[in-house]
Amino acid sequence: MKEFICNSCGKKYDITPTLWKCECGGVFNIVKETPKIDIAAWGNYPNSLWRYVETMPFAKGSTTWESVTMGEGQSPLLVLDQMEPNTYVKVEYMMPTLSFKDRGAAVLMTKAKELGVSKVIADSSGNAGTAIAAYAARCHIACDIYLSDETSPNKTAQIKAHGATVKEIHGTREEIAAAAQQAVREENAFYASHVYNPYFYEGTKTYAYEIYEQLNGAPDTIMIPVGNGTLLLGAYYGFNELFENGFIDKMPKIVAIQAKNCSPLAEAFKAGKVSAQPIKNKGTVAEGIAIAAPARSEQILEAVRTTNGTFIEIEESEILNARAKLSEKGFYVEVTSAVNYAGYLKYVRTTEEKIVIPLCGAGIKSK
Ligand SMILES: *Cc1c(COP(=O)(O)O)cnc(C)c1O
Ligand SMILES: [Zn+2]
């Protein structure tokens, strides 16, 4: 039986279907050792993120994932432009629900199924909710998704199509999360939160494993958009496991990207703070990363600092411009995802620097 440990006070708990944060308010990590990576074992699994299942905290030989998977993972890694041969895009929108959130949702819902839960609740700015709804359907688990009434209609339609109940809330992202958390308490339901549940990060960490395989090593730099930090922390954990196993000799530098109108982490980073103060979202077209009070801010800031990374803030006008430029190169991403490329365009790189940019969500998700 695995345990959760509080990131703030260190208190340990047995994992149960209803536990999602510490009584002190802190977020949980999973109690575990760094997995011993056996590369030879990867070939025993289908070509999906489940190649790396033996590095995840499931019981040895557990096969629950086999009925949950929809083939997520192993997204293509491509040179974006032949003129810049060291810059790669990882096409994360080539996933079952068209965003990288499938990595985390597939693993988290596998855990939910293993725990025998009958209902999950989640809140989201759109893509995490879509992914949780799809995998909940796959697991025959009931699902309520709390969303803003301003969420892209295409994302809401996608969630409803999977049979999830959509709870549209008029309020800030934080108020929507609070509404979901209240329902979790009242209904004693499983909180399938991509922010709070550490199993989600066991899924997003496969982003790093795949890049390692595709490049035959680590890149110098990974550009990562950040709202709640689910891709950022996952990538950090994945590369860290590869590093601790001696497969790479240095950690890639994390360049984190936020929309300037909602950038609590970039502000905290600049000010040298260990955690972010909640800010007021001034409004951004990058709806998927507009998080004013990220719950894992301490961990995110630490990850960026230990890799010698930095933050880049993007203006609203730069976002749509970057989206158009990516489309001209053949890649149609949702508006939020254009922030990643805008960050790259602003980043001062060296010619030899090997950089990976994720294309997180598909263009048809937003207007
Ligand atoms: C979720 C998401 C992000 C950012 O992820 P966080 O976990 O909030 O940091 C970026 N882009 C897209 C398209 C997303 O769906
Ligand atoms: Zn605690």
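A polar contact is a pair of N or O atoms within 3.5 Å; within protein, one must be able to donate a hydrogen and the other to accept it, and residues adjacent in sequence count only if both atoms are side-chain atoms.

**Entry 1: ground rules.** I note that this is a predicted model, in which local features need pLDDT of at least 70 and side-chain atom pairs count only at pLDDT 80 or more, while totals for chains, interfaces and linings use all residues. Residues are numbered from 1 along each chain as its sequence is written, chains are lettered from A and ligands numbered from 1 in the order in which they are written, and side-chain values use heavy atoms, with hydrogens and water left out.

**Entry 2: ligand 1.** For K101, a polar side-chain atom lies 2.7 Å from an oxygen atom of ligand 1. Taken alone, ligand 1 exposes 380 Å², and the protein buries 98% of that (Shrake-Rupley method, 1.4 Å probe).

**Entry 3: two loop residues.** Q74, although not a glycine, has a positive phi of about 55 degrees, and Q74 sits in the loop between helix 1 (39-42) and strand 4 (77-79). N216, also not a glycine, has a positive phi of about 60 degrees and belongs to the loop between helix 7 (206-215) and strand 10 (221-225).

Key: Helix = DSSP H or I, 4+ residues; strand = E, 2+ residues; numbered from the N terminus.
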